[in-house]
Amino acid sequence: MDSAISDAPTRASAPARTPLGAAADNGLKIVVVGGFGVGKTTMVRSVSEIRPLNTEETMTQAGEAVDDISEVRGKSATTVAFDFGRISLDARNVLYLFGAPGQERFWFLWDRLFSGTLGAVVLVDTRRIDDSWYAIDRLEHHGTPFIVACNDFGGPEHPPEAVREALDLDPRVPLVSCDARSRESSKQVLITLVEHLQAHYAGSAARPRQEFA
C-alpha cells in the first residue's frame, strides 16, 4: 500500500525532522517483512521520525516477467535492498526499523537482514495470504519473535481465527489489524511488538546482541 500518508502534517505546520543522533543507550533493531506490495515501505515511511532511507526503483515492463504484479497493478516502484527508519520509544530507547524487500529474487538478503534483530512485524495482505508464509518460516527458523499485522487494503474483513488458521499461527503470536499509511496505526503495531518482546524475553539471561546489517 503506497498511497499518501493519512495523518502527515501539512508543509506549513510540519515539525523539523529529528536528527539521527547517538544519545540513546539502546538501539533496538526491528524488521518489517512480508510479501511483495504489502505496504512495508509505506509503514516505515509513516512512522519514522527521521527522513527514511528508501532503496526504491521504478518498476518497468521488463520486471513483469520476473515479479508477479497481477495483484498490485497500482504499484509503480519497488524496494531493491531495504528501507530504514527510526522511532524513539523514550529518551534512552530507539527502534531502528528495517523494511525487507518482498520479491522472491531478493529473499537471499533476508537472512543477513535478520542478523541481530530483536523482533519483527510480518505485514500481511489478506487477499494474498500465501505470500506471507515464507517470512514466517524464515523468522521461525531464526528463532526471531514476531507479530502479524494485517494491512487494510479496503477488501472484505476476515475473522482473526480464519487468518490464524490460514497462516498456521502459534496462539502466542499477536495478530492485529492496521493501516500502514497511518502513523498512529503503525505506532500501535510497534507498541504491540514491543509488548510481545517484553513478554518473550522476560526472564532471559540476555537479549540478543545487536548486529546491524
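The model is predicted.

Charge pairing comes first. Side chains of opposite charge can pair when their charged atoms come close. Across the whole structure, a search finds seven salt bridges. One of them links Asp125 and Arg127, with 2.8 Å between the closest N and O atoms. The two partners can be set side by side by their accessibility. Asp125 has a relative accessible area of 1% and is therefore buried, since the cut-off for buried is under 20%. Arg127 has a relative accessible area of 43%, so this residue is partly exposed.

A further pair is Asp170 and Arg172, whose side chains meet in a salt bridge with an N to O distance of 2.8 Å. Asp170, with a relative accessible area of 26%, is partly exposed. Arg172 has 68% relative accessibility and therefore counts as exposed, the cut-off for that class being over 50%.

Asp179 and Arg181 also form a salt bridge, and here the closest N and O atoms are 2.9 Å apart. Asp179 counts as buried because its relative accessibility is 17%. Arg181, at 24% relative accessibility, counts as partly exposed. Salt bridges with shared partners also occur in this structure: they join Asp125, Arg127, Arg128 and Asp131 into one network. The Asp125 to Arg127 contact described above is a salt bridge between two of these residues.

The next topic is charge on the surface. Asp137, Glu140, Glu165 and Asp168 gather there in a patch of negative charge. Residues of such a patch have over 30% relative accessible area and no salt bridge. Glu140, one of the four, lies in helix α3, which covers residues 133-142. The relative accessibility of Glu140 is 48%, so this residue counts as partly exposed.

The last stop is a loop. Which elements lie on either side of the loop that holds Gly155? The loop runs between strand β7 (146-151) and helix α4 (160-167). Gly155 has a relative accessibility of 37% and therefore counts as partly exposed. In sequence, Gly155 and Thr126 are 29 residues apart, while the distance in space between their C-alpha atoms is 8.5 Å.

Note on methods: Residues numbered from 1 in each chain as written. Predicted model: local features only at pLDDT ≥ 70, side-chain atom pairs only at ≥ 80, totals over all residues. Heavy atoms only, no water. Helix = DSSP H or I, 4+ residues; strand = E, 2+ residues; numbered from the N terminus. Buried < 20%, exposed > 50% of the residue type's maximum accessible area, 1.4 Å probe, protein only. Salt bridge = Lys/Arg side-chain N within 4 Å of Asp/Glu carboxyl O. Patch = residues over 30% accessible without salt bridge, like charges linked within 9 Å, V, L, I, M, F, W, Y side chains within 5 Å. Areas by Shrake-Rupley, 256 points an atom, 1.4 Å probe, with all protein chains shown as cover. Lys, Arg positive; Asp, Glu negative; His and termini not counted. Charge placed at Lys NZ, Arg CZ, Asp CG, Glu CD.
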